[in-house]
Amino acid sequence: MTDLEGDLAQQLKLIGIRGTERQHRFHPTRKWRFDFAWPGALVAVEVDGGIFKGGRHSRGAGIRADMEKLNEAACLGWRVLRVCGDHVRNGKALDW
């Protein structure tokens, strides 16, 4: 768990969001996981860290892998919110 994920987990707990699953495996054959998920509602949150520091989510191979994962999720009916550190810190992730 990254610090950002820990921060968001704490925020969700403080405002009383229940039923949150961490590292939820959503695909029947791939090992993909969501950082946070509410399977009954088919809603998930992915926390993308390091986007301004050349992290995995901002390099070609990582972007392509994220596209595949999120497109497969959409085909399975999931709504996935992607948030970055700023969204966690300023509360926007909770608003969404």
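The protein contains four helices and four strands. The model is predicted. From the N terminus on, the elements follow the order α-β-β-β-α-β-α-α. Of the 96 residues, 35% count as buried. Contacts between residues at least 6 apart in sequence were also examined; 49% of them join residues at least 24 apart.

Helix 1 spans residues 3-14. Its twelve residues reach 16 Å from the first C-alpha to the last, close to the 16 Å expected at 1.5 Å a residue. Five positions of helix 1 are listed as buried, namely L4, E5, L8, Q11 and L12. Seen down the axis of helix 1, the buried residues fall within an arc of 125°, so they line one face of the helix. On the other side of helix 1, D3, Q10, K13 and L14 are exposed. Just after helix 1, G16 adopts a positive phi of about 85°.

The largest pocket holds about 160 Å³ of space. Its lining is made up of L8, L12, I15, I17, W38, V43, V45, L81, A93, L94 and W96. Helix 1, strand 3 (43-48) and helix 4 (92-95) are the elements that give two or more residues to this lining. By residue class, the lining divides into eleven nonpolar, no polar and no charged. Helix 1 residues L8 and L12 belong to the lining, and both are buried.

Q23 is not a glycine, yet has a positive phi of about 50°. With 35% relative accessibility, Q23 counts as partly exposed. L42 is not a glycine either, and its phi is positive at about 55°. L42 sits in the loop between strand 2 and strand 3. The relative accessible area of L42 is 30%, and the residue is partly exposed. V43, by contrast, is among the residues that line the largest pocket.

Methods: Residues numbered from 1 in each chain as written. Predicted model: local features only at pLDDT ≥ 70, side-chain atom pairs only at ≥ 80, totals over all residues. Heavy atoms only, no water. 1 Å grid on protein atoms, 1.4 Å probe; cavity = no way out; pocket = protein on both sides within 12 Å on 5 of 7 lines; lining within 4 Å. Points joined across faces, edges and corners; volume = space filled by probe spheres on them. Nonpolar A, V, L, I, M, F, W, Y, C, P; charged D, E, K, R; others polar. Expected span 1.5 Å × (residues − 1). Buried < 20%, exposed > 50% of the residue type's maximum accessible area, 1.4 Å probe, protein only. Arc of directions from axis to C-beta. Contact = heavy atoms within 4.5 Å.
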